[in-house]
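Hi there,

Here is the structure I promised to pass on. Have a look at it first, and my notes follow below.

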Amino acid sequence: MISVGERRSLVVASQCDSLNLLSFLPDAGHQVSTALLDPAIGGCVPALGDGRGLLVDPTMVELDDALVEAFERASDDEATLFLSLVGHGEYADDDFYFLTKDTGLPVDSRRSFLFAQRIKELLGRYSMLDGLVILLDTCHAGIGARQAGQRWLRIVGEAGKRFDLLTASDDRVAANGCFSRSLVSVLRSGHTEFGERVRCADLKRVITGLCPMQTAIHLGFDGTREVAEADQGLWLALNSSPAWRRSPLAGNPAAPTIERLTANYQPDPKLGETVGRLLTGARLVAITGEAGAGKSTMLAALARPSVAGSYVPPDFLHGVLFANRGDTAERLARELARQLRRTVPGFAEAEQAHGAGLDDAARSGASVFDLALLGPLRTLAPQWTGAPVRIAIDGLDDLDPDVGERVCGLIRSLSTEAGLEPVTTVVATRNPARLPAAAEVRLEMAGGFEPPGGWGQPSVDPVPVAREPADSGGWGGYDTGSPTSPRITPATLIIDVPGQAPAHHDLSFGLTTLGRSRNAAIRLGDSRVSRLHCKIRWDGTNAWLTDLDSANGTFVNGQRMPAATLAHGDVLRLGDSTVTFISVARADEEADVEQGTGAVASPRPGQAVLLQLLGLAATRGPIPISILTAASAAAGGPDRRVHVRDFLAGLGDSVSRTRAGLADETVLWTGEAPVLFPDAATRLHARLAAATSEVALVIGDDEPTLEQAYAAANEAEHFWLAGLHEDALAALERRTSHIPVENRERWAAWARRAERELGGTDRITLRCKARHATWTGKAGDAAAALARFEELLPIATATLSSGDEEVLSIRHNIGYLLMELGRFEESRSAFEALVGDATHALGADHRETLHARHLLAVATGKTGNGAESLRLSRELLPRAKQALGDGEIVGHVRHNIAFWSAEIEHPPPSFRSIDSSSAKRRDG
């Protein structure tokens with residue numbers, strides 16, 4: 001199901017009284033509207049305020065009023081708008097008219113609805129619209145569909161907004177509604193070859209086959225130029241194909257990556273070898289090879305049988321994980337368990353049975369892999385009679401080392417543990433030595449393509465660019481070399497074509513072509529310009545111009561140049577047109593000098609800021625668009641989600657977007673990350689940290705949202721990389737897991753990191769080690785926790801002094817753990833000494849002092865001296881209440897008084913131990 005509110009639909013189905021009646025109306029319009037408004041298919045809500053999503057036989061005025069309202073409401077809510085037109089249409093005077101019920105013939109702007117021009121006007125007026133999708137099922141009245149599409153692009157594209165258009169009509173009467181009927185059929189049934197979401201480009205291929213009498217045309221526009229694949233957020237519907245919906249890819253965050261990897265996939269015999277090993281008894285198969293050998297692609301093909309020819313049987317895998325650096329064990333376990341609930345019969349019931357059978361001690365000592373995966377699979381295995389449960393894992397080499405080791409432990413249990421024989425696992429890795437014995441399928445570099453560094457992560461240590469790089473298929477580009485490389489800033493071309501108003505075009509990173517052809521990135525309506533006249537390659541710092549053997553040549557500042565390095569302010573002449581190159585950073589520097597400041601500015605243009613944030617965030621996995629937008633706004637970049645998406649649309653396949661176009665979208669930069677000076681990286685990490693800290697905490701054991709999962713994994717990381725170590729620790733403590741073992745493992749990793757980066761005696765390191773010890777005890781191992789605190793105490797005392805609150809807290813925990821282990825007299829002595837030292841160092845009314853006094857009373861009672869315990873608690877109560885109010889500690893003091901009062905006045909036949917809740921362990 002799709003959360004509604006981000007997508008608005010308006011379908012217009014109209015007869016024209018001046019023309020023949022269309023027999024398929026209004027039924028075709030009703031069916032299109034119903035499909036788009038279905039929460040399980042199109043996920044839209046009606047575009048009009050009165051709840052209407054369908055307009056039947058409107059007049060010109062009624063249609064215009066509806067369009068204005070739809071655009072205004074969608075813009076106000078930053079929503080995507082879907083417009084579908086079914087009926088009569090005609091091209092005249094180089095524009096498109098939609099023929100409403102009251103249209104007069106011949107068509108003109110007074111008696112007919114000038115639809116394309118009106119859409120351009122509305123796009124310009126309502127600028128916060130988050131993209132537009134137009135479905136057009138009309139005749140084109142004497143003009144071919146392709147020519148009509150080009151005119152649409154020219155007219156509507158002038159608004160400079162993202163849109164997608166799909167039409168499949170010719171010069172006859174809308175072909176009996178074949179386009180609309182086929183559209184609805186495909187949306188409702190889905191298609192095995194589609195990915196998770198159905199886009200206009202997908203439908204073009206299918207409708208071409210279903211409607212052979214029509215020419216299907218798809219046009220995508222990213223706001224600046226035509227693109228073959230439109231904005232990832234402008235999709236029509238979820239894929240309703242039963243094969244897709246029962247696969248582990250449905251709802252899988254890795255689905256966009258898997259779709260990208262398997263686009264144009266050519267089945268490899270090695271894929272057949274992998275399947276054969278999995279079918280013939282291997283419990284673990286390792287797909288190995290160097291970076292770039294195609295491991296991820298092969299694993300993706302296993303997950304998507306529709307692209308694998310005859311090699312992979314249907315419904316082959318039950319679970320697929322594509323892990324990223326920054327993923328936590330909890331997120332990975334939760335995602336895999338979610339998939340298995342859908343794909344493995346009985347898993348959900350086994351999960352419930354396993355959880356119900358755990359007591360508190362067992363639950364406290366279990367990891368998330370035990371709770372979510374291994375336990376349910378152990379419960380399910382004895383009665384499992386189906387085919388093996390097959391699980392695929394990619395990205396093992398990219399995980400944070402501590403998480404990677406834990407995932408290896410999971411793989412080891414799945415592939416070697418007695419009782420889990422029904423489970424088989426396939427893993428892609430460069431380092432099979434870290435795995436248990438496995439059947440290995442080795443890939444060589446001649447196999448499928450992966451970019452350097454693997455999919456989903458930026459390359460490491462790229463070579464600085466000193467001249468125009470050779471075209472490397474999209475993976476080369478701008479200078480990302482040493483820390484002294486110039487920062488990346490945007491550039492703009494000011495284009496002046498005779499007879500047209502000057503236009504601005506922001507250069508994209510990489511290659512931009514200029515010419516008369518529709519295949520040029522920037523089209524110039526100048527007859528003296530060649531179809532592909534020249535190209536400009538921009539790496540974020542430098543721009544290189546190359547003439548493409550144009551008939552009339554390319555001139556730079558009056559000189560004909562076959563190639564040149566462009567400088568700020570250079571004027572290019574192409575035919576009768578001029579193109580001025582503006583380097584934004586240089587322009588701002590000159591403006592600073594002109595203002596007489598005497599200093600050169602260090603600007604952070606909006607798009608450059610956003611690109612830098614994307615590059616930083618990519619090292620921690622996909623980032624929720626809400627957090628990215630908040631950080632961008634704080635750093636001086638785009639401050640609205642729609643503007644962020646405008647920029648993302650222009651990046652194409654350099655970003656991977658999960659749930660694109662929805663409120664919980666996540667974004668992953670997959671290109672080479674821009675190089676930043678250390679101070680700039682520090683500032684941007686601080687912005688990311690601040691934005692992440694605004695995410696609400698998870699309550700109890702609720703399933704975290706994507707934002708909450710990202711915050712749990714990365715808030716502390718961003719604070720740490722911003723140099724805000726205290727804030728990082730505060731974030732770790734604030735975003736604790738409800739699973740004690742996961743907190744223990746997390747603090748262990750941070751303790752090692754702090755010691756490595758700050759030293760073993762730094763206060764931050766000591767605090768991390770103390771929290772690790774605390775959670776070791778909470779995970780059920782009091783003896784190990786006590787040993788860790790006792791080892792830490794002399795180091796902390798020597799470093800911080802005996803009266804430091806951190807040292808006193810360590811002593812507090814030692815006293816409590818001694819009591820928990822039954823060493824009551826040692827515990828009493830420890831708290832007796834602690835009370836004196838805490839009173840001296842912190843004061844008699846400090847919380848630490850009062851808590852120590854309470855636990856001294858409890859420990860005294862544990863030694864058998866109830867009267868003394870009662871005296872100590874009664875003496876403590878008034879001071880504690882005055883200092884702390886009726887809080888937790890005062891409640892425990894009263895509990896101890898009530899217990900020992902009852903014991904002493906009315907002793908029971910045998911000694912009863914007090915409730916352990918009256919003596920809670922301090923958190924570190």
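Let me start with a question: are phenylalanine 899 and tryptophan 900 buried or exposed? Both of them are buried. Please keep in mind throughout that this is a predicted model.

On to the aromatic rings. The count comes to 7 aromatic pairs. In one of them, the ring centres of tryptophan 538 and phenylalanine 581 are 6.0 Å apart and the planes stand at 65 degrees, so this pair is edge-to-face. Tryptophan 538 belongs to strand β22 (residues 534-538) and phenylalanine 581 to strand β28 (residues 577-583), so the pair ties together parts that are 43 residues apart in sequence. Tryptophan 538 and phenylalanine 581 are both buried. The residues from my opening question, phenylalanine 899 and tryptophan 900, also form an edge-to-face pair, with 5.0 Å from centre to centre and 85 degrees between the planes. There is an aromatic cluster as well, made up of Phe96, Phe98, Phe113 and Phe115.

Two arginines may interest you for their placement over rings. Arginine 7 has its charged end over the ring of tryptophan 235, at 3.7 Å from the ring centre. The charged end of arginine 753 sits over the ring of tryptophan 750, and here the distance to the centre is 4.9 Å.

Next, the nonpolar cores. The largest one has 40 residues, and those with the most contacts inside it are Leu10, Phe71, Leu81, Leu83, Phe115, Ile119 and Leu132. Helix α2 (residues 60-76) is the element that gives the most to this core, contributing 8 residues. Apart from this core lies another, of 39 residues, which includes Leu336, Leu373, Leu377 and Val389.

Why does threonine 776 count as buried? Its relative accessibility is 2%, and the cut-off for buried is under 20%. Again not counting residues up to four places away in sequence, threonine 776 touches Arg744, Asp781, Ala784, Ala785 and Arg788.

Happy browsing, and do write back with any questions.

Best wishes

Methods. Residues numbered from 1 in each chain as written. Predicted model: local features only at pLDDT ≥ 70, side-chain atom pairs only at ≥ 80, totals over all residues. Heavy atoms only, no water. Core = buried A, V, L, I, M, F, W, Y, C linked by side-chain atoms within 4.5 Å. Buried < 20%, exposed > 50% of the residue type's maximum accessible area, 1.4 Å probe, protein only. Helix = DSSP H or I, 4+ residues; strand = E, 2+ residues; numbered from the N terminus. Contact = heavy atoms within 4.5 Å. Phe/Tyr/Trp six-rings, centres within 6.5 Å; stacked < 30°, edge-to-face > 60°. Lys NZ or Arg CZ within 6 Å of the ring centre and 35° of its normal.
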